[in-house]
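The sequence and the model are shown first.

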Amino acid sequence: MRRLQARHYTFLGLAVVITVTMLLNIRLDTRVSPYTRALHDYIESLPPGSVLMVSFDHEASSLPEIRPIARSVLRHAFRKGHRLIGVSLLAEGTLIGYRLMQETAAEYGRQYGSDYVYLGFRPQYIAAILAMGESIRDTYPRDYLGRPYDQFELLRSVENYDDVAAVLSIADGSLTTHWMEYGQARYGVVVLGAVTAAMATTYDPYLASAQMHAMMAGLRGAAEYEKLIGIGGGGARGMLAQSSAHLYVILLIVLGNVAYFVRRREGRRD
Amino acid sequence: MARKFPLAVCFLFGVVMFLQYFSQHEAARAVNQAILDYWQIVFAFTLILGVFSFARNNVTEVRRGRDRVYRIVGLAGLLSMPVLALIWGIKADTPFMWMFENVQAPMQSTVFALLAIFVASASFRGFRARSLPAAVLLISATVMLLSRSNIGGFFSDVLPDVANWIRDYPSMAARRAILIGIGLGSLTTSLRVMVGIERTWLGGEK
Amino acid sequence: MVPLAATGWFDTDSLPTLVTSIISIIIVLYVTYALRKREFKVRRIAGLAAVDDAVGRATEMARPVLYTPGWGGDIQRPTTIASLNILSHVADKTAVYDCRLVFPTHDPVIMAVAQEVVHESYMKAGYPDRYRPADIAYVSSSQFGYAAAVDGLLTRLKPASVFLLGTFEAESLILAETGNSINAIQVAGTDSTIQLSFFIVACDYTLIGEEVFAASGYLSGNKSILASIRAQDIMKVLIAAFILVAVVWVSVENLTGSTPDNWWVF
C-alpha cells in the first residue's frame with residue numbers, strides 16, 4: 001500500500017469534521033445579511049399573484065447546496081401567493097426543478113396550471129433567453145409534460161418578459177450572467193439570483209450596478225432566508241457542518257504557515 | 001475561396017446580429033428569432049459529432065486493451081441512457097430519470113465534493129505569508145471564512161460587516177477592473193474575428 | 001420595458017449603447033489599421049513566456065502535454081477563440097519536439113475547431129504524421145463528467161505540463177489541484193474572475209483576464225493583432241478617464257448639494 005501523504009491526512013480530517021457535525025444536527029442562529037434581506041423584501045413587496053419565472057440553471061452535482069436555497073425562496077413565493085413559471089437552461093436541472101416546484105407547491109396546496117407551470121429545458125441558454133424575450137409561447141409551445149401552452153390559465157396571459165415581474169435564476173455557475181447580459185440588458189427584465197456560495201462574488205459587480213436586483217448565496221444565504229420566512233430547512237441544518245469546515249480550513253492555513261516559518265528559520269540557521 | 005466564404009459569412013452574421021440588437025421592428029425580430037432557431041438546430045447536430053467521436057475513440061481503445069474497464073463503463077453509459085429514453089421517455093418516474101437521480105446525480109455530486117477536499121489541500125499549501133501582499137490575501141481569506149461561519153459573539157456580530165466591506169470595496173474594485181479588461185479583450189477579439197485578422201478558428205492563417 | 005408590438009426600426013432606449021458601441025468599434029478598427037505596420041513592445045507575460053519551457057519539459061521527460069479550455073465556454077465565446085490561438089502556438093512546439101498533445105473538451109464544436117487548429121500547426125511544422133486526431137477529443141458535456149474525465153487523464157497519463165486556458169467554472173480547482181498532485185508545471189488563464197483565485201493558488205503561472213486575449217498577439221507577433229491590443233489599451237485609458245470625471249462630478253454634486261444629474265448612467 002502507498003504511504004499516505006500530508007494532503008491525504010488533510011482530506012481525511014475534513015471528511016471526519018463534516019461527517020461528525022452533520023450527524024450532530026445542531027441548528028445555529030444566523031444573522032441575516034443585507035444581500036439576503038434585499039431578495040426577501042423584493043419578493044415580499046410584489047403583490048400576491050405576481051408572475052415570477054424561476055430558472056433552474058444548475059446541474060445535479062450542486063444539489064446539496066442548491067436544494068435548501070431553492071426550497072426557501074420557493075416556499076416564500078408560494079406562501080405569498082405568487083404564480084411561478086419554471087424553466088431550466090441546463091438539462092440536468094430540469095427534473096430537479098420540476099420536483100422542487102411540485103413538492104413545494106404541494107406544501108401550500110398550489111395547483112398546477114393556475115398557480116404554477118413547469119416548462120422544462122431548452123438547449124443553448126443564450127438563444128433560449130433571447131427567444132423568450134420575443135415569445136415564451138414560441139420557445140416553449142408545450143409544458144414539461146407535453147401539454148399545449150395555451151391549455152394553462154396562468155400562461156394564457158404571459159407572452160414574454162413584459163408579463164413577468166422578475167426572473168429568479170437558481171444557479172451553480174455563471175448562467176445568471178447571461179440572464180443579465182441578455183434578459184436584463186436586451187429586454188429589461190428584473191433579474192434575481194439564488195446562487196451557490198462559490199459564485200457569490202462573481203455577481204457582486206452586477207448587484208452593485210443594479211443589473212441584478214437582489215441575490216442570496218450559499219448554504220448561509222439559505223439559512224438566513226429560512227430565518228426571515230420563519231421556516232426551518234436544510235440551510236440552518238448545514239450551517240454547523242459548514243462553520244466547522246471553515247474552522248478546519250483556517251486551522252490548516254495556520255498549520256501551513258507555522259510549518260513554513262519554522263522551515264524558513266531552520267534554513268537561515270543552516 | 002475555402003477561407004474567404006466562411007470569413008464573409010462570419011462578417012455578415014456579425015453585422016446582422018449587431019444591427020438587429022438596436023431595432024424593435026418586426027422584420028428585425030423575425031431575423032433574430034430565425035437565427036436563434038437555426039442556432040439551436042445546429043447545436044443539436046454538433047452533439048451527434050461529439051457522440052460519434054466519443055464512441056469511436058473508446059471503441060478503438062477497448063480494442064487496443066487500454067483502460068478497458070473505464071472505456072466499457074463509459075460506452076455503457078452512452079448507450080444505456082438514450083435507449084432508456086427512447087423506450088420509456090424522459091419525464092418524471094421513468095427508468096431514465098431513475099438512472100439520472102440514482103446513478104448520474106450522486107456520481108456528479110461526488111466529483112463536486114472533491115472541490116471541498118481540494119480547497120483544504122490548496123489552503124494548506126498555498127496560503128503562506130511569504131510577502132506583504134500574500135499576508136493581506138491570507139488575512140482577507142481568514143476574515144471571509146470566519147464571517148461565513150456561525151461561531152457566535154464577535155465572529156457572528158462584527159466580522160460579517162468587515163467581510164462585507166472587503167467584498168463591497170477592495171474585492172469589487174479589483175473585480176471590476178478585471179471585468180473591464182475582459183470586456184475590452186472580448187470586444188477586440190470579436191472584431192478581429194469579424195474582420196478576418198484573427199483566423200485561428202478556421203484552422204490557421206492561410 | 002420593451003413594448004410588445006413595437007414597430008419602429010430603431011429602439012431609442014438603446015441609443016447610449018449604440019453610441020458607445022460605435023465609438024468603441026471605430027477606435028479599435030482605426031487604431032488596428034493605422035498602426036498595423038508599427039513595431040510594438042508588449043510587456044512580458046510570464047505565463048506565456050513559460051509556454052516553450054513547459055513543452056520542452058514534457059519532451060525531456062517523455063510525457064505528454066495536456067491542454068483544456070474549461071467547461072464554461074463555447075466556440076462563440078471570445079475567450080475560447082483566444083484559447084485556441086494559444087493552442088495553435090503550443091501545437092507548433094509539440095509538433096517540432098514530437099511531444100504528445102492531449103486536448104479533452106466538453107464541446108463537440110470546440111473539438112472540431114481544435115482538431116483543425118492542431119492539424120494545421122503540425123502541417124505547418126512539416127510533421128503531419130505526428131498529428132493524432134484521437135487525442136483532441138470530446139469527453140462529456142456534463143460539468144463534472146468533464147472534470148472526472150480530465151482528472152482521469154491527468155492521473156493516468158501524468159502529463160509533465162498542463163495548460164488550463166479558457167472559461168472555467170467550479171471544475172477549475174479540481175483540475176488544478178490534480179495537476180499539482182502529479183507535479184505538472186501548470187499554466188492557467190481565464191476570464192472567470194472567481195476561478196482566478198483558485199488558479200493563482202494552485203498553478204505555476206496564471207494569465208489574468210485580458211492577458212488571455214493579448215496572448216495571440218504576444219505569441220504570434222502579428223502586427224495587426226498587436227495594434228488591436230494597443231487599441232484595447234487606448235480604450236482602457238478612455239474608460240478610466242470617464243470614470244474619473246464621473247467620480248469628480250458626483251463628488252462635487254454631493255458637496256454643493258445640487259440636484260444629481262446622472263448623465264453618465266445608461
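In this predicted model, the largest nonpolar core comprises 44 residues. The residues with the most contacts inside this core are Met53(A), Leu119(A), Ile136(A), Tyr161(A) and Trp179(A). Helix α5 of chain A, spanning residues 125-134, supplies the largest share of the core, 7 residues.

Chain A as a whole may be considered next. Chain A has 11 helices and 6 strands, and its C-alpha atoms fill a box of roughly 80 × 40 × 35 Å along the principal axes. Of the 270 residues in chain A, 60% are buried. Among contacts in chain A between residues at least 6 apart in sequence, 74% join residues at least 24 apart.

Attention now turns to the contact of chain A with chain B. To this contact chain A contributes 61 residues and chain B contributes 54 residues. Together the two chains bury about 5,300 Å², with 59% of that area on carbon and sulfur atoms. The interface of chain A and chain B holds 4 salt bridges; in one of them, the side chains of Asp204(A) and Arg167(B) meet at 2.8 Å, N to O. Between these chains there are also 19 residue pairs in polar contact, both residues being at pLDDT 80 or more. The elements that give two or more residues to the side of chain A that touches chain B include α1 (6-24), α8 (175-187), β6 (214-217) and α11 (234-269) of chain A. The most comes from α11(A), with 15 residues. By class, this side of chain A has 35 nonpolar, 14 polar and 12 charged residues.

Chain B also touches chain C. Here the contact takes 59 residues from chain B and 71 residues from chain C. The area buried between chain B and chain C is about 5,400 Å², and 69% of it is on carbon and sulfur atoms. On the side of chain B, Phe22(B), Gln24(B) and Leu184(B) lose the most area to chain C, together 12% of what that side buries. Across this interface there is 1 salt bridge, in which the side chains of Arg156(C) and Asp67(B) meet at 3.1 Å, N to O. There are 11 residue pairs in polar contact across the interface of chain B and chain C, both residues being at pLDDT 80 or more. Helices α1 (4-21), α2 (26-64), α4 (95-126) and α8 (170-195) of chain B are the elements that each give two or more residues to the side that touches chain C. Of these, α8(B) gives the most, with 17 residues. The residues of this side of chain B divide into 30 nonpolar, 19 polar and 10 charged.

One residue of chain C deserves a separate look. Glu177(C) lies in helix α6 of chain C, which covers residues 171-181. Is Glu177(C) buried or exposed? Glu177(C) counts as buried because its relative accessible area is 4%, and buried means under 20%. Leaving aside neighbours within four places in sequence, Glu177(C) is in contact with Phe118(B), Ser121(B), Ala122(B) and Arg125(B) of chain B, and with Ala202(C) of chain C.

How values were computed. Residues are numbered from 1 along each chain as its sequence is written. Chains are lettered from A and ligands numbered from 1 in the order in which they are written. This is a predicted model: local features need pLDDT of at least 70, side-chain atom pairs count only at pLDDT 80 or more; totals for chains, interfaces and linings use all residues. Side-chain values use heavy atoms; hydrogens and water are left out. Contact means heavy atoms within 4.5 Å. Buried area is the accessible area (1.4 Å probe) that two parts lose on being put together, summed over both. A polar contact is a pair of N or O atoms within 3.5 Å; within protein, one must be able to donate a hydrogen and the other to accept it, and residues adjacent in sequence count only if both atoms are side-chain atoms. Helices (H or I, at least four residues) and strands (E, at least two) are DSSP runs, numbered from the N terminus. Ala, Val, Leu, Ile, Met, Phe, Trp, Tyr, Cys and Pro count as nonpolar, Asp, Glu, Lys and Arg as charged, and the others, Gly among them, as polar. Buried means under 20% relative accessible area, exposed over 50%, partly exposed in between (1.4 Å probe, protein chains only). A nonpolar core is a set of buried Ala, Val, Leu, Ile, Met, Phe, Trp, Tyr and Cys residues joined through side-chain atoms within 4.5 Å.
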